[in-house]
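Welcome! Here is a short tour for anyone meeting this structure for the first time. Take a look at the sequence and the model, then follow the notes below.

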Amino acid sequence: MKQKICKWILACMGWKTGRIEPDIPKCVICVAPHTSNWDFIIGKLFYTSLGRFAHFLIKKEWFFFPLNYLFESMGGVPVDRKKKGSLTDAMAEEFGKRERFQLAITPEGTRKKVEKWKKGFYHIALKAQVPIMLVYIDYAKKEAGYFKTFIPTGNEEADIAYIKSLYEHVQPRHTERF
């Protein structure tokens with residue numbers, strides 16, 4: 001039922017689904033560009049319209065009553081950015097504990113313009129030994145879809161350059177921020 005409702009909402013908003021990759025039980029989902037809060041809404045509608053469920057990282061400050069129940073039900077994983085310790089290790093460990101875990105991460109890490117992508121999505125996938133699903137949200141085409149499934153090679157510089165190159169022609173909601 002959720003799947004049909006999400007498809008209907010996307011259609012009413014004028015959005016369509018692009019290329020789809022097979023459902024993989026364990027993966028990091030790299031979602032870009034991320035320049036607006038609408039990216040989360042479109043992305044969640046898109047992914048749910050496929051009958052899939054992904055977790056996502058969110059500032060722990062958003063986990064207060066009653067929003068904590070909403071975000072938990074949607075797959076939110078609270079992140080304390082002040083806490084010492086490795087988020088990469090914690091998320092890789094989470095992949096090891098579960099039979100199914102899909103974690104969506106925006107490589108920019110914020111909606112503001114950034115000069116460099118954060119590489120946590122890449123390091124989590126590498127450490128957990130899971131593929132990276134490369135997902136885009138294109139506002140010019142009003143389309144969300146997959147580029148491909150990517151297996152990290154361990155050559156961080158070359159892999160990140162290749163991944164970023166796939167997003168060069170994707171139109172974000174706010175072009176000045178991407």
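Two residues are said to touch, or to be in contact, when they have heavy atoms within 4.5 Å of each other. Keep in mind as you read that this is a predicted model. We begin with the sheet, then visit a few residues, and end with the charged pairs.

**The sheet**

- Seven strands make up an open sheet, in the order β1-β7-β6-β2-β5-β3-β4, and their pairing is mixed.
- At the edges are β1 (16–17) and β4 (76–79), each of which pairs on one side only.
- Helix α4 (residues 87–97) packs on the sheet, where it touches β2 (26–32), β3 (55–59), β4 and β5 (101–105). The direction of α4 makes about 150 degrees with that of β5.
- As background, strands of a sheet pair through backbone hydrogen bonds, either parallel or antiparallel.

**Strand β6 and its partners**

- On one side, strand β6 (residues 132–138) pairs with β7 in the antiparallel sense, over seven bridges. Within this pairing, M133 has T149 of β7 as its bridge partner, and L134 stands opposite K148 in β7.
- β6 also pairs with β2, this time in the parallel sense and over five bridges. Here V31 has V135 of β6 as its bridge partner.
- The hairpin of β6 and β7 has four residues between the strands, and K142 takes a positive phi near 50 degrees there.
- How many residues of β6 are buried? The count is seven of its seven residues, so the strand is mostly covered, given that buried means under 20% relative accessible area.
- In a regular strand, side chains alternate between the two faces of the sheet. Both faces of β6 are covered: I132, L134, Y136 and D138 are buried on one side, and M133, V135 and I137 are buried on the other.

**T149, a residue of β7**

- T149 lies in strand β7 (residues 143–150).
- T149 counts as partly exposed because its relative accessibility is 24%.
- Not counting residues up to four places away in sequence, T149 touches E21, I24, P131, I132 and M133.
- One of these neighbours, P131, is 18 residues from T149 in sequence, while their C-alpha atoms are 6.5 Å apart in space.
- With E21, the side chain of T149 makes a polar contact of 2.6 Å.

**Two residues in helices**

- K44 sits in helix α2 (residues 38–49). Leaving aside neighbours within four places in sequence, K44 is in contact with F53, A54, F56 and M74.
- A polar atom of the K44 side chain does lie 2.6 Å from the backbone oxygen of M74.
- F71 belongs to helix α3 (residues 67–74), and F71 counts as buried because its relative accessible area is 11%.
- Apart from neighbours within four places in sequence, F71 is in contact with F56, I58, W62, F63 and G76.
- F71 and T106 are 35 residues apart along the chain, and their C-alpha atoms are separated by 17 Å.

**Charged pairs**

- Side chains of opposite charge can pair when their charged atoms come close. The structure holds eight salt bridges.
- E21 and R19 meet through their side chains in a salt bridge of 2.5 Å, N to O. E21 is buried at 11% relative accessibility, whereas R19 is partly exposed at 45%.
- D23 forms a salt bridge with R52, with the closest N and O atoms 3.8 Å apart. This pair links distant parts of the chain: D23 is in the loop between β1 and β2, R52 is in the loop between α2 and β3, and they are 29 residues apart.
- Is D23 buried or partly exposed? D23 counts as partly exposed, at 36% relative accessibility, while R52 counts as buried, at 12%.
- K97 counts as exposed, at 57% relative accessibility.
- E93, E94, K97 and R98 are linked in a network of salt bridges.

Note on methods:
Residues numbered from 1 in each chain as written. Predicted model: local features only at pLDDT ≥ 70, side-chain atom pairs only at ≥ 80, totals over all residues. Heavy atoms only, no water. Buried < 20%, exposed > 50% of the residue type's maximum accessible area, 1.4 Å probe, protein only. Polar contact = N/O pair within 3.5 Å; in protein donor to acceptor, adjacent residues only side chain to side chain. Pairing = 2+ DSSP bridges. Axes fitted to C-alpha atoms, helices over the stretch in contact; angles between N-to-C directions. Salt bridge = Lys/Arg side-chain N within 4 Å of Asp/Glu carboxyl O.
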